[in-house]
Amino acid sequence: MTGYLLGIDNGSQSTKVGVFDDRGKLHGWGRKALRPNENPRPGVVEHPDDDLWDSIGAATRAALTGFAGDPAEIQAVGLCTIRFCRAMLCADGTLASPVLSWMDERLSRPYEHTDPRVRYVTTSSGYLTARLTGRFRDTAANYQGNWPIDTGSWCWAPDQEEIPARMLFELALPGTVLGTVTEEAAAHTGLRAGTPVVATANDKAVEALGCGLRGADAVLLSLGTYIAAMTTGTRDIREADGFWTNFAAVPHEYLYESHGIRRGMWTVSWLRGLLGMDEGRLNAGAAEVPPGSDGLMTVLDWLAPAGQPYRRGAFLGFDGRQGPFHLYRSVLEGIALTMRGNIEAMATGLGTGFSRLLVSGGGADSAVLTGILADVFGIPVIRQDTASAAGLGAAMCAGVGIGAFTDFAEAQRAMAAPRQEFTPDSGRHEFYRRQHEVYREITAHTDPFFQRCVELG
């Protein structure tokens, strides 16, 4: 390929855009933070105004500013967005109302048609594709939840009555060209008009692709605002214990996702702000704290699971020895111990085991956390060297879409970024094995307490 691929990663807190060559090297980078969500009443969580589209324009222009080449050298764009959002559009593709965040309680119910201005109902990726290309096409792999889709065929369910067919976008598989950048979108983003825009998938699936996740022996731990683990396969497994099934970024493959931590790395950021220390100082201090944080353990339900709304976060085990670095290390250990239990449950449900743990997301930048993960799991932990795994995965999809790669496996082999490996220490692993036996029983004791607290008001 003589040219570059642009990957757009519209995440929960920001939009990140990268310009990559066909070896996965980053040549331009831009980021635009999203504005705070609007919460006009309980249960309603919306993206303000046209913030998603505005952030894509700003982040893409920033990436192109740092790109030494010409925008005309960008051969294709891969667009990846936040999953579980809902966008209601007018006939011209503009918003009839603000995009519903994945946290909005209305997404737990099927769409109800109450606004006559609404002509189309789609995902955030469908909306942004329409803004980029003027076409009402979207990836099939971003429709999970209350959408009338047949997950076996990746098509709209036949004879469905939830949403009239005329209000739904045409579906395409990942790696399919959805359209080309319009003149209006080119003015907004700085991209060349006519640049192909290629379908990707939901953000977690695209992140997994960008991390090189392949094979039943590997599991990916995504250390973001929401922490979850993922692996891939070809079976559309429904109603499983210990995990749920989503679309993968490879057509007709599936992403199996473990239970997670709803405010995972957010809790780390919260504690950092509370302590008034930067991340470097906290990591350096936490590295000096012994495994087990001198008996301090953390329950990480700063945002309770949907099915257990009474749960709360907690620090347990103070005896006067602990200081701020113990608090910090205990949160990191809580992440590792919680996700060990969740990954073991997923492995049991799939009837498999994992010999490699890949990590991605902002938390993967912490050598202390990745070292703890290696010791807790007792297997090598592999960290991807990329600012945005989802952006890289989106660029891989773009490359497949224009024929730069014959398939997704070739794209992964060519573009997966260099990796750093952390190996476990046998002594620390044995300690954490014994600690996990205790840790996995904590909520059995704290749940009744927090239930009573909720009853007290």
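Let me begin with a definition: a residue is called buried when its relative accessible area is under 20%, exposed when it is over 50%, and partly exposed in between, using a 1.4 Å probe and protein chains only. Strands, and helices likewise, are DSSP runs numbered from the N terminus, with at least two residues of type E for a strand and at least four of type H or I for a helix.

The model before you is predicted, so to speak of local features we require a pLDDT of at least 70, and side-chain atom pairs count only at pLDDT 80 or more, while totals for chains, interfaces and linings use all residues. Residues are numbered from 1 along each chain as its sequence is written, and side-chain values use heavy atoms, with hydrogens and water left out.

I turn to strand β2, residues 14-20. Because 7 of its 7 residues are buried, β2 is largely enclosed by the rest of the structure. Ser14, Lys16, Gly18 and Phe20 lie on one side, and Thr15, Val17 and Val19 on the other. Which strands pair with β2? Two strands pair if DSSP finds at least two bridges between them. Strand β1, residues 4-10, is antiparallel to β2 over 6 bridges, and Leu6 stands opposite Val19. A hairpin of 3 residues joins β1 to β2. Strand β3, residues 26-33, also runs antiparallel to β2, with 7 bridges, and here Phe20 faces Leu26. The hairpin between β2 and β3 has 5 residues, and Gly24 in its turn has a positive phi of about 85°.

Next, helix α4, residues 203-210. Is this helix enclosed or open? As 8 of its 8 residues are buried, α4 is largely enclosed by the rest of the structure. Among these buried residues are Asp203, Lys204 and Glu207. Just after the helix, Gly212 takes a positive phi of about 80°.

Thr81 belongs to strand β4, residues 74-81, and is buried, with a relative accessible area of 0%. Beyond its neighbours within four places in sequence, Thr81 is in contact with residues including Asn10, Ser124 and Asp203. A polar contact is a pair of N or O atoms within 3.5 Å; within protein, one must be able to donate a hydrogen and the other to accept it, and residues adjacent in sequence count only if both atoms are side-chain atoms. Such a contact, of 2.7 Å, joins the side chains of Thr81 and Ser124.

Let us consider the aromatic rings. Rings of Phe, Tyr and Trp (its six-membered ring) pair if their centres lie within 6.5 Å; planes under 30 degrees apart are stacked, over 60 edge-to-face, and the rest tilted. The count by this rule is 16 aromatic pairs. In one of them, the centres of Phe136 and Phe169 are 5.4 Å apart and the planes stand at 70°, so the pair is edge-to-face. This pair links distant parts of the chain, 33 residues apart. Phe136 is partly exposed, at 24% relative accessible area, whereas Phe169 is buried, at 1%. Elsewhere, Trp270, Trp302, Phe315 and Phe318 form one aromatic cluster.

Finally, the open sheet. Its 7 strands follow the order β15-β16-β14-β13-β19-β20-β21, with mixed pairing. Strands β15 and β21 stand at the edges, each with a single partner strand, so one side of each is left without a neighbour in the sheet.

Definitions and conventions. Contact = heavy atoms within 4.5 Å.
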